[in-house]
Amino acid sequence: QVQLVESGGGLVQPGGSLKLSCTPSRSIFSIGVMGWYRQAPGEERELVAEIRTTGSTDYANSVKGRFTISRDRAWNELDLQMNNLKPEDTAVYYCKMDLRMGEFSGLSTYWGQGTQVTVSS
């Protein structure tokens, strides 16, 4: 069974930056769509950013121009660079990957365990 391992959360002041990373716990055959989601207390989980195999990206309007999603194909790593953070960005952030475990396997969706991002002075 594969797990998605997240790192990089923490406490930062408004206007600060953080970088989140996510990588599968073992080797996989291929990766489809990858994304970052977040969930604030009492709120629904929402899409923050998504990157497809073509390299095309989508962002939530609230983070456009501040967050950048990227992937390192060599290491199967997904990153989220977050700049100019605001208190309303406070949430638990989850990575999501569609993974193919073997050559003849279908795509399955996996979620990270979540990492807390707190923006506060």
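Let me begin with Met82, which, leaving aside residues up to four places away in sequence, touches Gly16, Ser17, Leu18, Leu20, Arg66, Phe67, Tyr93 and Val117, where contact means heavy atoms within 4.5 Å. Please keep in mind that this is a predicted model, in which local features need pLDDT of at least 70 and side-chain atom pairs count only at pLDDT 80 or more, while totals for chains, interfaces and linings use all residues. Residues are numbered from 1 along each chain as its sequence is written, and side-chain values use heavy atoms, with hydrogens and water left out.

Met82 also belongs to the largest nonpolar core, which has 29 residues, and together with Trp36, Leu78, Leu80 and Tyr93 touches the most other members. Such a core is a set of buried Ala, Val, Leu, Ile, Met, Phe, Trp, Tyr and Cys residues joined through side-chain atoms within 4.5 Å. Strand S9 (91-100) is among the elements that give two or more residues to this core, and its five residues are the largest share; strands (E, at least two residues) are DSSP runs, numbered from the N terminus.

Now to the rings: which two residues form an aromatic pair? They are Tyr37 and Trp111, edge-to-face, at 5.0 Å centre to centre and 65° between the planes; rings of Phe, Tyr and Trp (its six-membered ring) pair if their centres lie within 6.5 Å, and planes over 60 degrees apart count as edge-to-face, under 30 as stacked and the rest as tilted. Tyr37 counts as buried because its relative accessibility is 15%, whereas Trp111, at 36%, counts as partly exposed; buried means under 20% relative accessible area, exposed over 50%, and partly exposed in between (1.4 Å probe, protein chains only).

Note on methods:
Helix = DSSP H or I, 4+ residues; strand = E, 2+ residues; numbered from the N terminus.
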